[in-house]
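Trainee: I have a structure open and would like to go through it with you. Where shall we begin?

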Amino acid sequence: MSHASRTAPRICPLCEATCGLTLTIEGTTVTGARGDRDDIFSRGFICPKGASFGGLDADPDRLRVPLVRGEDGELREASWDEAFDRIAARIPALIEAHGPQAVGVVLGNPNVHTMAGSLYPPLLLAALRTRNVFTASTLDQMPKHVSSGLLFGDANAIPVPDLDRTDHLLLIGANPLESNGSLCTAPDFPGRLRALRRRGGTLTVIDPRRTRTARLADRHVAIRPGADALLLAAMAHVLLEEKLTDPGVLAEHLEGADELAVALADFTPDAVAAACDVDAATITALARELAAAPTAAVYGRIGSCTVEHGTLASWLVDVLNILTGNLDRPGGALFPLSATARAPREATPGKAFAPGKGFALGRWASRVSGHPEAKGELPTAALAEEIETPGEGRIRALVVLAANPVLSAPDGDRLDAALAGHLDFMVSVDPYLNETSRHADVVLPPPPPSQSAHFDFAFNSFAVHNQVRYTPAPVPLEDGRMDESEIHARLILAVSGMHGAPPSAVDDLAITTAITKAGAPKELADELTGGSGPERRLDLMLRLGPYGLTLEQLLAHPHGIDLGPLKPRVPEILRTRSGRVELLPAPIAADLPRLRRALGDRPAPLVLVGRRHLRSNNSWMHNVGSLSGGSNVCTLQVHPDDAARLGLVDGATVRIESAGGGIEAPAEITDTVRSGVVSLPHGWGHSRPGTRMAVAAAHPGANVNQLLDGTLLDPLSGTAVLNAIPVTVTPSP
């Protein structure tokens, strides 16, 4: 029997661009997806990931019901009640016997792409009372959080480039034509860059690869990998030495400008040129062009974060924006104001804003290696040792929410063994039985995205234009499935000794707490609308937010509400103890000697960097057939000169070795990567037994993170060094 076709709007949950989609639905099946031309933010733009929404949604390998490990050691299908009964019987008992630090929590990237993944993990952590928290941030963006925390007093106050109004954009370690942007939510990033060029603006890209983004640029600087902080420090030195600085209205809110000039005195263009493999004249020109532009923005991402000096590079990105007067002004780098953010503070008439509490690092440390926490998290690279090393405080139970650290973290073999042989109990919330969740004692699968409502709590805070959009679930929840928010709520109840209480109790508590914290009348809870706990919580956050919106208003505008361009927000956003932008925070100053020592370093003959694919997002989209193949392949890109020197043949299998081990991959000989550098994408290695991902297993690729032993971290943020890794490459025997 055929079903009438209908369409429904849905925000795409597959990357940070958050594009609006129009889904075609027959019955309960998504049969097509196109860009929503009426979406107030994306205006019809769509990428291959969004176009594949139906294929991902209907993936036959997605789990439909919970899995529970039986007495025979095998996972079997179980009821939801049995799954939560098992959790309630095991985790509270382990906490009672060994304390809350016996439980670790791992949060993966997909959590920020769902409402439940954004709303409930903080409540879970509060219920567990553990400090053993590991997230994808220490494999990606933590340096930017740390540098923002130190500069502005708030680790989540991250300025984004004002793409639509800037005259000069400098990208370092970023490839938004492939990634669609990161910590910069911008649907149709490619179109926005082309618009920059059309209006006479300048695009500069600093990257060791000639990426699609670099090919669009006016100037491409092929820097030596890992030298980002050195080059940025030299640019800042030029600005200071040549008196090209002009912070503008921001000047009265700055502290440490004189000390900054002294701290960067040694980082001249001549001093850094050899280490960067960028000549001094080019470095000087980059700085002068930035200063001369009517407006400009510097934007750095994963290539400049996941290196030895990732936090220093992230700090220097903002230092350059500050020195040129481009921080917090239109056309520069501005702080978005999302509809669910805290309402802006108001200064007392005639007085400045009250200072904040500031941002502290190292409030506690990991048990084994003593890694300091950053933003409440420990390095994911330390997870294996925290599980396998005996002693008080050893992690005995693990709760993994939408994460696959066996592939995404360094030395997956070690972590794989730790999960298999050293845990007493493990829970995974995951739609797939993947390389990590296959070790769980209980697997709780959320429904496909078409059966879930969507709101971007995280990404609206990084949006290049203030706007707000909400899309209810376009397809009703299938019989036998459980809404992701209920899964999270019941998990919280199970681990906190409240097993059996209604899931709504979790949302009610969250609402009451939020109202009390905001100082709002308790009667506000009765005014909230929405048919679910997450909708009521969203309604509350909108009402308490800076625009005073409601859920009903969002529902009345299915394509979104335009809240206007980004506006200057300093000094309101500052939460430092001084109440000012602290240009040279003490932890940064203490780490600069390490960067200074790098001036004398000479790189290994061959270093490895990662790369992004437009048709992929880490490890969790490799099971979609429509996205496999084409450019989305796991090859080692090698420059022709290096290939000739090493005796490598295009398409032939090569052996790559580094500190963590060795892997094999096909060689792709191309001049898009500079000599002395090879490139392998992240998220592959789907060859382990016991998974249920047929498409991924048919094209497994190699796990680049197996080349890393996990010992090399950016010390300020605890972020794993994933780029500029010394390797050797030889023909496979």
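**A buried proline and its surroundings**

Mentor: Pro-445 touches Leu-63, Arg-64, Val-65, Pro-66, Trp-80, Asp-430, Pro-431 and Ile-487, not counting residues up to four places away in sequence. Keep in mind that this is a predicted model.

Trainee: Is Pro-445 buried or exposed?

Mentor: Start with its place: Pro-445 lies in the loop between β17 (442-444) and β18 (466-468). Its relative accessibility is 1%. The cut-off for buried is under 20%. Pro-445 therefore counts as buried.

Trainee: How many Å apart in space are Pro-445 and Pro-66, C-alpha to C-alpha?

Mentor: Pro-66 is among the residues that Pro-445 touches. In sequence the two prolines are 379 residues apart. In space, C-alpha to C-alpha, the separation is 6.1 Å.

Trainee: Now Glu-373. Is Glu-373 buried or exposed?

Mentor: Glu-373 sits in the loop between β14 (333-334) and α16 (383-388). Its relative accessibility is 0%. Buried means under 20%, so Glu-373 is buried.

Trainee: Which residue has its backbone nitrogen 2.9 Å from a polar atom of the Glu-373 side chain?

Mentor: Look among the contacts of Glu-373, leaving out residues up to four places away in sequence: Ala-360, Leu-361, Gly-362, Arg-363, Trp-364 and Leu-378. The cut-off for a polar contact is 3.5 Å. At 2.9 Å, the backbone nitrogen belongs to Arg-363.

Trainee: Is Arg-212 buried, partly exposed or exposed?

Mentor: Arg-212 lies in helix α9 (residues 212-216). Its relative accessible area is 30%. Buried is under 20% and exposed is over 50%. Arg-212 therefore falls in between, as partly exposed.

Trainee: Turn to strand β9. How many of its residues are buried?

Mentor: In a regular strand the side chains alternate between the two faces of the sheet. In β9, one side carries His-168, Leu-170 and Ile-172, and the other carries Leu-169 and Leu-171. Both faces are covered. The number buried in β9 (residues 168-172) is 5 of 5.

Trainee: What is the volume of the largest cavity?

Mentor: The structure holds 3 cavities of 30 Å³ or more. Of the 14 residues lining the largest cavity, Lys-144, Ile-158, Pro-159, Tyr-299 and Gly-300 are the closest to its centre. β13 and α15 (310-323) each supply at least two lining residues. The volume of the largest cavity is about 80 Å³.

Trainee: Which helix gives the most to the lining of the second largest pocket?

Mentor: That pocket holds about 420 Å³ of space. Of its 23 lining residues, Pro-225, Gly-226, Glu-308, Asp-601 and Pro-603 are the closest to the centre. The lining has 14 nonpolar, 3 polar and 6 charged residues. With 3 residues, the helix that gives the most is α24 (residues 586-597).

Definitions and conventions:
Residues numbered from 1 in each chain as written. Predicted model: local features only at pLDDT ≥ 70, side-chain atom pairs only at ≥ 80, totals over all residues. Heavy atoms only, no water. 1 Å grid on protein atoms, 1.4 Å probe; cavity = no way out; pocket = protein on both sides within 12 Å on 5 of 7 lines; lining within 4 Å. Points joined across faces, edges and corners; volume = space filled by probe spheres on them. Helix = DSSP H or I, 4+ residues; strand = E, 2+ residues; numbered from the N terminus. Nonpolar A, V, L, I, M, F, W, Y, C, P; charged D, E, K, R; others polar. Buried < 20%, exposed > 50% of the residue type's maximum accessible area, 1.4 Å probe, protein only. Polar contact = N/O pair within 3.5 Å; in protein donor to acceptor, adjacent residues only side chain to side chain. Contact = heavy atoms within 4.5 Å.
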